[in-house]
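Thanks for passing this one over. Here are my notes, in numbered points, to read alongside the model.

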Amino acid sequence: MEFTREIYWNVGHGAGTLVPMYLLVIAAIAVVVKTFLQRREVYRQGLPLNRTDQLGSRISEMLSNVLLQKKVTRVKVPGMFHGLFFWGFFLLLIGTTLIVLQADFTDLLFGYKFLKGNFYKLFSITLDLAGIVAIVMLGALFVRRYFMRPEGLETKKDDAIMHGLMTVILLTGFVIEGARMAVTELGGPVATWSPVGHLVAQSIAWMGEDTLRLVHKLTWWFHLLLVMGFIVLIPFTKFRHILTTSANYIFADRGPRGKLTSLDLENEDAETFGATSIQEMTWKDIFDADACTLCKRCQDRCPAWSTGKPLSPMKVVNQIGEVAFNTPEANLIDTISRDVLWSCTTCRACQEICPASIEHVNKIVELRRSMVLMEGEFPGDEVMTAMEATEVNGNPLGIGYASRGDWAEALGIKTLAEDPQVDILYFVGCYASFDKRNIAIAKSFVKLCQAAGIKVGILGKEEKCCGEPMRKMGNEYLYQSLAMENVELINGYGVKKIVTTCPHCYNTLEKDYRDFELAAEVETYTVFLEKLLHSGKLKVRSEGLSCTYHDSCYLGRHNDIYDAPRALIKAAGGTITEMEKSRSEGFCCSAGGGRILAEEKIGERINVKRVNMAVETGANVLVSNCPFCLTMFEDGVKGAEVEDKLKPKDIAELLAERL
Amino acid sequence: MKILVCIKQVPDMESKFKVAANGTWYDNQDLAWRMNEYDEYAVEQAVRLKEQVKDADLTVLCIGSDKVKETMKKALAMGCDRGAHIADDSSWDKEPFQIAGIITEYARDKSFDVIFTGMQSQDRGSGQVGVLVAEMLGLPSVSTIVDFAFADGAIEAKRELEGGIRANVKVQLPALVTCQLGLNTPRYPTLPNIMKAKKKELLSIPVQELLKVDARLETEKMFFPEKKGGGLVLEGEAGELADRLISILKNKTSVLK
């Protein structure tokens, strides 16, 4: 007994079957190709952008995300539903391809069959199980979408078409198998290798061979038409994500993470800066909309959205797509609305979780750039005042620049102007230099360095704001003038290593300043101190402390620095009770994206919400690693009226108290 | 229409001030420089007027060393058409009558229809220059305006008086106005305008060509006010105490204004 089956059983393997079948396949693929070529013209309205460099790593990124469903399964339950469905459907696709390969090529041309024996057993049982897994997962997704209705999940006609078509394709597949098995395999040993088909066969065997053959033939052609319909529908429905999302893994931004593109401000021919129209966005910004599956994971994690602000990263991405496809002349800023664009804290929660590798943040900054550089518009007068203050005094707080280094007077450290021979340059940043509360961070950090025998220098009154809040607000011109002055100064002193206590400074110096050729190595104080601790140069007392820890967006998601700060807290004797939203899922404090300069006028206060999350842990200290976060939490504990329960503290303070 | 706006570069008031060695002015070290706040309102209003009448030429004038050109560039970026820089390294030492004389000499044969100045400078604060220029040119002037409208060859302005009272004033061109806080919100220059400003005409004229008047005031000494004890204890009946407190708050502080 040979374990195999007759391919094209009952429908015949002659021209009567093959010609119409292959004509349909060719027609379906032609429709897909033609429609995508048309869509490509829409993408091409955007500006050029090279996203095919490092092709090898781009393709391996794509394969690991498509085949292993890496990003999709990061959200466990619906992710696994999709993953298992995908793996099931993908195996069926491979199975069908093997059948075509044998019947219409190897067997037809060379008389070679490989679907037999043990391989056939494996093939048969795999496809059978893949089919049933796919059906069950489809059912689970159906129940989730139509009965559980997760908040914010938009359900459109596309979803109904996709669920219906997939279900019918899978079910008819089993009917075809069952009918064939009822006639040819029932009672034989082969049947056991197709357990699901076997069950179907047993339950329809009563129909008798003639009826079964008729049912089989009709269902076979119907199934074929449905599959052709599925292929044709790919470009016209959300099925397109099969191709576009996969392609987006290839076109994804390959970093440095969170670094913005520097505008060429010297270009005399440039008439506009930033974007207001679809023609001023890049092709990738349009393509991203096509890659979006509306899974709303970004929206679920957006701190603005979850506090009643109008920004949904998902909607912004799709509005850009709608403009590109339907109203290419429309003004993007009017379409998306100013309140939406100003609400973003650039926390990157959207981009971090997006299973389609969509880039939300740079779109928003690009549109902000146009508002600021072309219209002189800001979210409020207070932001304009901060910009002007920075132009005059090099800090958004508007304090006289000459007092920038005053905090260090009693600590016995010198400026590089006084003594450029130092182990590290401490780039202090505006808040730790000027803000009364945050000066404690600067002092603590210097004390820790001194205890470890590190010679620290600062720039004092020569230091200027790194420009990060201005840049994220869209003020590229001010950012670039600050960046150029800082880089020239730092390079001029021949600095080898810079350490920052502000993650915004860190990300900007380490990534964005490289465009202006900053030479020095840049490290964040958490990593720097952790190394000192590890090497034994720095010693702190371990004193019990129950705390919770907030991952700042710019150390966390922007730089994956999660463990060094936690190690420091543990070394100080801290026991961390994690908040539900921690590490890469951390919830922004509200101050990123230049929002530190702006009043929060819409919805709930983000910082109060975060403080309440910290209160829920029962800890009495909220430890953070960023002057912006600390500012927001000091304000947040007052807003939440928990000043007596929860004390915000920076890691540097915690350690310096234990020297 | 020909418009002139006069601006001054002043230190940022958040700076650390020290009295200079000569004892008559502040030391220039460690100061951040910017456009005098009231002059920003003047520039903004001048640019709005130019935008309203379309056919206008707007000159910005500033007296000082080469350093003031930075501030003039901001005015050009805000929308002024050309800059007249009166080069004078010791403008800080000139009293308001001399400054007004210099401006008058510059403006005399240029038949400006409207001249805008700030109400006063943030550093010297004499509040004299604008009105002196008007007097020297024989023009009508309206000081401390908080609202400005132009129609049919006349300016209708609101002046701010003590205690929040306003006065409506109408004046035919040519005229001079001095601008007060509350007049407008100065615009943030756009990048294309910043780039254009770099190419606009900015001519330097040596101050000797324009200084035709002699000083009439002399600064004898500049000093920080003596630090006096902070506390003030009021005693008496509650009702009377409240009245005295209110009058102190009104007269000595700005909290009730």
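**Notes on chains A and B**

1. Let me start with helix 15 of chain A: its 15 residues reach 21 Å from first C-alpha to last, close to the 21 Å expected at 1.5 Å a residue (the expected span being 1.5 Å times one less than the number of residues). Helices here are DSSP runs of H or I with at least four residues, strands are E runs of at least two, and both are numbered from the N terminus. Just after helix 15 of chain A, A:Gly376 takes a positive phi of about 65°.

2. A word on ground rules. This is a predicted model, so local features need pLDDT of at least 70 and side-chain atom pairs count only at pLDDT 80 or more, while totals for chains, interfaces and linings use all residues. Residues are numbered from 1 along each chain as its sequence is written, with chains lettered from A and ligands numbered from 1 in the order in which they are written.

3. Back to helix 15 of chain A: 13 of its 15 residues are buried, so it is largely enclosed by the rest of the structure. Buried means that 20 or more other C-beta atoms lie within 10 Å of the residue's own, with C-beta atoms placed from the backbone (exposed is 12 or fewer, partly exposed in between). Over chain A, 46% of the 659 residues count as buried.

4. Now the interface. Chain A puts 17 residues in contact with 14 residues of chain B, contact meaning C-beta atoms, placed from the backbone, within 7 Å. On the chain A side, the elements giving two or more residues are helix 15 (361–375) and helix 16 (381–393). Helix 16 of chain A gives the most, with five residues.

5. For the overall picture, chain A has 26 helices and nine strands. Its C-alpha trace spans about 100 × 60 × 50 Å along the principal axes. Of the contacts in chain A with a separation of 6 or more, 79% are between residues 24 or more positions apart.

6. Have a look at the sheet too. Five strands of chain A form an open, parallel sheet in the order 1-3-2-4-5, where pairing takes at least two DSSP bridges between two strands. Strand 1 (414–415) and strand 5 (521–524) of chain A are the edges, each pairing on one side only. Strand 2 (residues 424–427) and strand 4 (residues 497–500) of chain A pair in the parallel sense over three bridges, and A:Phe427 has A:Thr500 of strand 4 as its bridge partner.

Note on methods: Two residues are in contact if their C-beta atoms, placed from the backbone, lie within 7 Å.
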